[in-house]
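Biologist: Could you walk me through this one? I have the sequence and the model open side by side.

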Amino acid sequence: MKPEKLIVDGRRLDGRGPNDLRKIKIEAGVLHRADGSCYLEWGGNKVFAAVYGPREAVPRHTQNPLRAIVKARYNMAAFSVEDRKRPGPDRRSVEISKVISEALERVILTEQFPRASVDVCIEVLDAEAGTRCAGLTAAAVALVDAGIPMRDIPVACAAGKIDGQVVVDLGKEEDNYGQADLPIAIAPRTGEVLLMQMDGHLTVEEFNKAFDMAVESCGKVSEIQKKAILQRYHAVDEVIE
Ligand code: ADP
């Protein structure tokens, strides 16, 4: 049911201010059969990412003699949304898989692995808005965990507009009943934009504000990614001792 207001006395429905992110928890190296992996919770989203490769691309006609191809597959579990979702790919998941693949391809040093494929599986177990950003952020950590050489560690976050105000990281009701959603992914060191999509309408001024706020939030998420990666290496040290 549509809430009367999404912002009351400057606070959002879950108590956040306009610049506040939902709670994020990231753990690297959680799946032992994959070359690299990550588990991420972002608000009510729960996502696993697994990376395989670089390995020989199959079928062979997909091989590029000059560089590796990057194949990300985003999937939402049947039980990840309120009404059971029909299993398997649909238009939305094919689109998200494509934009995430293209974003990751921009930072992976694909030229080092001709004819190879880097495969990224993103499994959304619980979905509560912002899953493409959560999936890409988790995939980035899994790629680091797999030792895939990259120019930078990509990171994603959305901003949007609710009740006429620009805010970051839209929650479920904000996504459903808000006026715009602007998910972006960047390479944080250079600020290069790797993914940008938009639902709804923003004026140029609102767009610029939303974009700047999303970039700033990406910086915060990037710090959490880095901590998860450092923690992973710390754990390895302990095993060696
Ligand atoms: P994102 O998850 O990246 O924000 P969308 O804006 O397309 O992508 O979706 C917003 C939210 O809508 C999802 O996170 C999920 O909670 C919900 N959703 C998406 N697809 C379905 C579906 N088939 N059934 C029910 N809810 C869905």
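Biologist: By class, how many nonpolar, polar and charged residues does the shell around the ligand have?

Modeller: Keeping in mind that this is a predicted model, the shell around the ligand has six charged residues, together with four nonpolar and two polar ones.

Biologist: And which residues are they?

Modeller: Around the ligand you will find Met76, Val81, Lys85 and Arg92, then the run Ala127, Glu128, Ala129, Gly130, Thr131 and Arg132, and finally Lys172 and Asp175.

Biologist: Which helices each supply at least two residues of that shell?

Modeller: Those are α2, which spans 131-145, and α3, which spans 172-177.

Biologist: What lies 2.8 Å from an oxygen atom of the ligand?

Modeller: A polar side-chain atom of Arg132 lies at that distance, 2.8 Å, and a backbone N or O atom of Ala129 is also 2.8 Å from a ligand oxygen. For Ala127, a backbone N or O atom lies 3.4 Å from an oxygen atom of the ligand.

Biologist: How much of the ligand does the protein cover?

Modeller: On its own the ligand has 540 Å² of accessible area, and the protein covers 75% of that. The space that the ligand takes is the largest pocket.

Biologist: Changing topic, what does the secondary structure come to?

Modeller: The protein has four helices and twelve strands, and its C-alpha atoms fill a box of roughly 55 × 45 × 40 Å along the principal axes.

Biologist: What radius of gyration would a compact globule have with 241 residues?

Modeller: It would be near 18 Å, and because the protein has 18 Å, the two agree.

Terms used:
Residues numbered from 1 in each chain as written. Predicted model: local features only at pLDDT ≥ 70, side-chain atom pairs only at ≥ 80, totals over all residues. Heavy atoms only, no water. Near = heavy atom within 4 Å. Polar contact = N/O pair within 3.5 Å; in protein donor to acceptor, adjacent residues only side chain to side chain. Areas by Shrake-Rupley, 256 points an atom, 1.4 Å probe, with all protein chains shown as cover. 1 Å grid on protein atoms, 1.4 Å probe; cavity = no way out; pocket = protein on both sides within 12 Å on 5 of 7 lines; lining within 4 Å. Sits in = over half its atoms within 2 Å of the grid points. Nonpolar A, V, L, I, M, F, W, Y, C, P; charged D, E, K, R; others polar. Rg over C-alpha atoms; globule rule 2.2 N^0.38 Å.
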